[in-house]
Amino acid sequence: MDRRFDKAIEEARKGKKFLVVSHISPEGDAIGSLLGLTLALRSMGKDVTAYIEDPIPEMFKFLPGASTVVHELDNAVSFDATFAVDCGQKDRLGRGFVELKEPGRVVNIDHHATNDCFGDVNVIVPDASAAGELVYDFCKAAGVEINSEIAENLYVAIHTDTGSFRYSSATAEAFIKAGDLVKRGAEPWKIARLVYENLPARKFKLLAMVLSTLDVIDIEGAGGIKIATLAVTLDMFKKAGAEKDMADGFVNYARGIEGVQVGILFRESGPQAYKVSMRSKGEVDVAEVTMSFGGGGHRNAAGCTLKGSLEEVKATIIKAIRADLAAHKL
Ligand SMILES: [Mn+2]
C-alpha cells in the first residue's frame, strides 16, 4: 500500500476547485505530468484550471488536454488547493501563481532532490525518473483509472525526462510504468514521431549557429576533465526565426562529445543575463555547482541564471567547476 500520497489524496478528495501548475520553460515532464494530473482530477469530477506561464512548445501541443492550459491567471480567483508538479522552487511556477491571493493549500509533487518543500503538503521523491511517474503513483493510490489520455501524457513525461530511457534515472520502475502506460493506450511510435521527428527546419538553422560556438576546454587538476560549452544569443534566435524553447536539449550535443564530462549551454536571456544549462556524465555533480548560484536540478542535469557578459558568466562557471573538482579531489 502506497501511503506517500495520503495527504495529497485527502486534498484532492475534499476540495472541488483546483489549480494545477508547473514550471516556466516547460518541457515534456512538466507538461505531461501537469496534464496527466489535470485529467486525473477532472475524472474525479473536479473543476481544474491548468496553468503554465510560458507557451506549450509546438511538439507537445498534441497531448490530450494541452489546449485547455491557460497562461494567465486572475489573481482574485480562489482555489481550494493548488497542485504543483515537477518544480523545485515556488518562484519557478510563474507570475500568475505567485501573485494569486488564494491558491489554497499547496500540494508539491516533485522529483528534484533540490526541492525546497514550498508546499503545505510535499511529496518529494528524488528516485522517481520523472514527475510523471509520481502522477502515475498518485493515480494508482487514489484509485483513478489511467485512461489512454492520461497514459499518453505520463508516457511522454517519463520518456522525455529519462532522455528516451538513456539516463541513469531510467530505472526498472520507469520501464515498468512506461510499459503499463503503453498497455493503457500510449503509442510509442506515434509519440516519438510527434515529439522527436517532427521538428521545424528553423530549429536546425539555430542548431547550426549554436554548434559553431563549440568550445572544448581542458580543466586541469587531479584527474583533469574536459568540459564543452555552447552558446545561444538572442540574435541567433532572431536570425533563425526560432522560438525561445527551440534551444532546449542543445546542451546534450556538448555532453555527447568523447571525453567530455560536463556539457554547458549558455543561453542569453536578457541584457547581460545568461541562463546556464549544465549536463554531466562523469563525477561532477552539476546540481551542486548551480546551487551556489541559486539554481538547482539533478546530479546530471541542472541550471541557473547569471548576470554578466558571456565571457564573464563562462569564467564564473568554469571557476565554480574547478572549485567543485578541488573540493571533491576528483
Ligand atoms: Mn522532471
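Reader: Between which strand and which helix is the loop that holds Asp 86?

Author: This is a predicted model, in which local features need pLDDT of at least 70, side-chain atom pairs count only at pLDDT 80 or more, and totals for chains, interfaces and linings use all residues. Residues are numbered from 1 along each chain as its sequence is written, while side-chain values use heavy atoms, with hydrogens and water left out. Helices (H or I, at least four residues) and strands (E, at least two) are DSSP runs, numbered from the N terminus. In those terms, the loop that holds Asp 86 lies between strand E3 (81-85) and helix H3 (95-98).

Reader: Is Asp 86 buried or exposed?

Author: The backbone of Asp 86 has a phi near 60 degrees, which is a positive value in a residue other than glycine. For the side of your question that concerns accessibility, buried means under 20% relative accessible area, exposed means over 50%, and partly exposed lies in between (1.4 Å probe, protein chains only). Because its relative accessibility is 1%, Asp 86 counts as buried.

Reader: How does Ser 164 count by its relative accessibility?

Author: Ser 164, found in the loop between helix H5 (148-161) and helix H6 (172-183), has a positive phi of about 55 degrees although it is not a glycine. Its relative accessibility is 29%, so Ser 164 counts as partly exposed.

Reader: How far apart are the C-alpha centres of domain 1 and domain 2?

Author: The protein chain is divided into domain 1 (6-196) and domain 2 (202-328), with bounds that come from an automatic or database domain assignment. The C-alpha centres of the two domains are separated by 27 Å.

Reader: What area is buried between domain 1 and domain 2?

Author: Ten residues from domain 1 and eleven residues from domain 2 take part in the contact, where contact means heavy atoms within 4.5 Å. Buried area is the accessible area (1.4 Å probe) that two parts lose on being put together, summed over both. Ser 25, Thr 114 and Tyr 167 supply 40% of the area that domain 1 buries against domain 2, more than any other three residues. For the two domains, with carbon and sulfur atoms giving 42% of it, the buried area is about 840 Å².

Reader: Why is strand E9 largely enclosed by the rest of the structure, and how many of its residues are buried?

Author: Two strands pair if DSSP finds at least two bridges between them, and E9 pairs in the antiparallel sense with strand E8 (residues 260-270) over eight bridges. On E9 there is also antiparallel pairing with strand E11 (residues 301-307), over seven bridges. Strand E9 (residues 273-280) is largely enclosed because, of its eight residues, the number buried is six.

Reader: Which strands are the edge strands of the six-stranded open sheet?

Author: The sheet runs in the order E6-E7-E8-E9-E11-E10, and its pairing is mixed. Two of its strands pair on one side only, and these edge strands are strand E6 (215-219) and strand E10 (296-297).

Reader: How far apart in the chain are Lys 314 and Asp 215?

Author: A salt bridge is a side-chain nitrogen of Lys or Arg within 4 Å of a carboxyl oxygen of Asp or Glu, and a search of the whole structure finds 20 of them. One of these joins the side chains of Lys 314 and Asp 215 (2.8 Å, N to O). With Lys 314 in helix H12 (residues 310-328) and Asp 215 in strand E6, the pair links distant parts of the chain, at a separation of 99 residues.

Reader: About how many helical turns separate Glu 11 and Lys 14?

Author: The side chains of Glu 11 and Lys 14 meet in a salt bridge (3.6 Å, N to O). Glu 11 counts as buried at 5% relative accessibility, whereas Lys 14 counts as exposed at 56%. Because Glu 11 and Lys 14 are three residues apart in helix H1 (residues 6-14), their separation is about one helical turn.
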